[in-house]
Number of protein chains: 2
Amino acid sequence: MTAQSDSRPLIMIVNDDGITAPGLRYLVSCVAADAKVIVVAPDGPQSGKASSITVEQPLHITRQEPFEGAEMYAVSGTPVDCVKLGINTVMPRHPDLLLSGINHGSNSACNLIYSGTMGAVMEGTQLGIPSIGFSLLHHSMSADFSGCGSIVRSVVANVLAEGLPADVCLNVNIPARCTPLGIKMARGGKGHWTDEYVRYEDPHGRPFYWLSGKFVNDEPDNPDTDNYWLARQYATVVPVRPDQSYLPAIEPLRSRFEK
Amino acid sequence: MTAQSDSRPLIMIVNDDGITAPGLRYLVSCVAADAKVIVVAPDGPQSGKASSITVEQPLHITRQEPFEGAEMYAVSGTPVDCVKLGINTVMPRHPDLLLSGINHGSNSACNLIYSGTMGAVMEGTQLGIPSIGFSLLHHSMSADFSGCGSIVRSVVANVLAEGLPADVCLNVNIPARCTPLGIKMARGGKGHWTDEYVRYEDPHGRPFYWLSGKFVNDEPDNPDTDNYWLARQYATVVPVRPDQSYLPAIEPLRSRFEK
């Protein structure tokens, strides 16, 4: 390792689709030329894992073949496990930046709460690392990520240069099947799910269920929301605060609960 | 079912320690006399699962023996799966209240983010149900919950009577090994973990790791925080907002990212 390479920013990359996912490889290729990159990603799919941690099982971390100069490590756990175990075992120092993704599928609106991609980002934020999640609005493993490059490089360069507000991370969603028209700041839109389960019967006549459902955007005409702009072919940047304590409700509720 | 029993509030109860956990049974016993109670809980331990959902596997929901008049259903999934599948399959109508717990162990401070107990509560909130999580600061399955009863009944009666602010739920923590001196409103305190993993070697000399760690309270002297009051034998009520979009950061960041 030369002195020159040591001076490059150190970027940790995580995801929730697993270490072989094309979206992860694309993200590495966006930043590997100008940074020291270390990937610590799940050894298989971990979608929908939110901020879950593995407490009842041990974890393995296994070195893989390098990719475009990046060190690659696979972890037998969740995205948050990857962040925690990576920081504790293979990262040579505190990273300058943590990136997660690029997720195969949207993490917009209120669905952020289930996202393993964003679980890793929030863990990075709790550890004091400027952290960004990227998601493409296309679930397929053969999704075309080529429209993401300019967005990723622009946001990463900005955060490396100027940082982020304390305790705040970014949730970046990118529309599929087009080159984005631009980037808009937004909040996560409100919505709800209908027809959440498909019901089956096993060969003995007992029912079982598989999560499915349709997402209904409850504010499709509100330009403050991410889904409004994503539907209009813009990428969106939503500032996210992992700490969910809601301070404005403390005083109004004090007389009701304190004793 | 008589007309009288139909007029009682309908309470859904979930947890993350599993349907056989004593804390769940204690919570049922606190409210069963004055409500129609339906329990939908994981069929085994689901601690640390946050808001995770099961997307790669089907789910089963199985009726169990009733307990103190409550219907009991076990789900082969996470706490959020229990809420979603319970609402979609066994709840006769939208519940008046969702309770989660009583968790065997603390969900105070910034550790809320990993909590399956609070994952279920946040899912209830997203579905428009007034929702409350209860946790006792004692991990043991033989923990003594008898100090929790007055706190649980007081908070539940208040929320049934007056509701909660829209999109806000409650995270209630209760000190162990004493009768609480009272209840304090607070925010989740800040802290961090050290010595997070214990390292082992398998019989072939390969390392593996188990999550452990010590929690360090970063603001032990701040009476705005839950951990301050919990250390002084008070129960704490923290208002929590599942939506993590951080609106105050949108305008300051707009000129940096929009294009």
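**Notebook: chains A and B**

I began with the overall size of chain A. A compact globule of 259 residues would have a radius of gyration near 18 Å, and chain A has 19 Å, which agrees. I note here that this is a predicted model. Next I took the extent of the C-alpha trace of chain A, which spans about 60 × 55 × 50 Å along its principal axes.

I then looked up the make-up of chain A. Its secondary structure comes to seven helices and 13 strands. Buried residues account for 54% of the 259 residues. I also checked the contacts in chain A between residues at least 6 apart in sequence. Of these, 76% join residues at least 24 apart.

**Two helices**

I turned to helix H2 (residues 22-31) and helix H5 (residues 149-162), both of chain A. They pack at an angle of about 55°, and their axes are 10 Å apart. H2(A) and H5(A) are therefore oblique to each other. I recorded the crossing of H2(A) past H5(A) as right-handed.

Which residues of H2(A) meet H5(A)? I found Leu27(A), Cys30(A) and Val31(A) on the H2(A) side. On the H5(A) side they meet Gly149(A), Val152(A), Arg153(A) and Val156(A). By class, I have five nonpolar residues, one polar and one charged in this contact.

**Chain A against chain B**

I looked at the contact between the chains next. Chain A puts in 61 residues, and chain B puts in 61 residues. Several elements of chain A each supply at least two residues to the side that touches chain B, among them helix H3 (79-89), helix H4 (116-126), H5 and strand E13 (235-240). Which element gives the most? I found H7(A), with five residues. I sorted this side of chain A by class as 34 nonpolar, 14 polar and 13 charged residues.

**One residue of chain B**

I picked out Leu59(B). I located Leu59(B) in the loop between strand E2 (36-42) and strand E3 (61-67) of chain B. Is Leu59(B) buried or exposed? It has 21 C-beta neighbours inside 10 Å, so Leu59(B) counts as buried; the cut-off for buried is 20 or more.

I listed the contacts of Leu59(B), leaving aside neighbours within four places in sequence. From chain A, Leu59(B) has Phe208(A) and Tyr209(A). From chain B, Leu59(B) has Thr54(B), Val75(B), Ser76(B), Gly77(B), Asp81(B) and Leu85(B).

Last, I took the distance from Leu59(B) to Val156(B). They are 97 residues apart in sequence and 30 Å apart in space, C-alpha to C-alpha.

Methods:
Residues numbered from 1 in each chain as written. Chains lettered and ligands numbered in written order. Predicted model: local features only at pLDDT ≥ 70, side-chain atom pairs only at ≥ 80, totals over all residues. Axes fitted to C-alpha atoms, helices over the stretch in contact; angles between N-to-C directions. Helix = DSSP H or I, 4+ residues; strand = E, 2+ residues; numbered from the N terminus. Parallel < 35°, antiparallel > 145°, perpendicular 65-115°, else oblique. Left-handed = near helix turned anticlockwise from the far one by under 90°. Contact = placed C-beta atoms within 7 Å. Nonpolar A, V, L, I, M, F, W, Y, C, P; charged D, E, K, R; others polar. Rg over C-alpha atoms; globule rule 2.2 N^0.38 Å. Buried ≥ 20, exposed ≤ 12 C-beta atoms within 10 Å, placed from the backbone.
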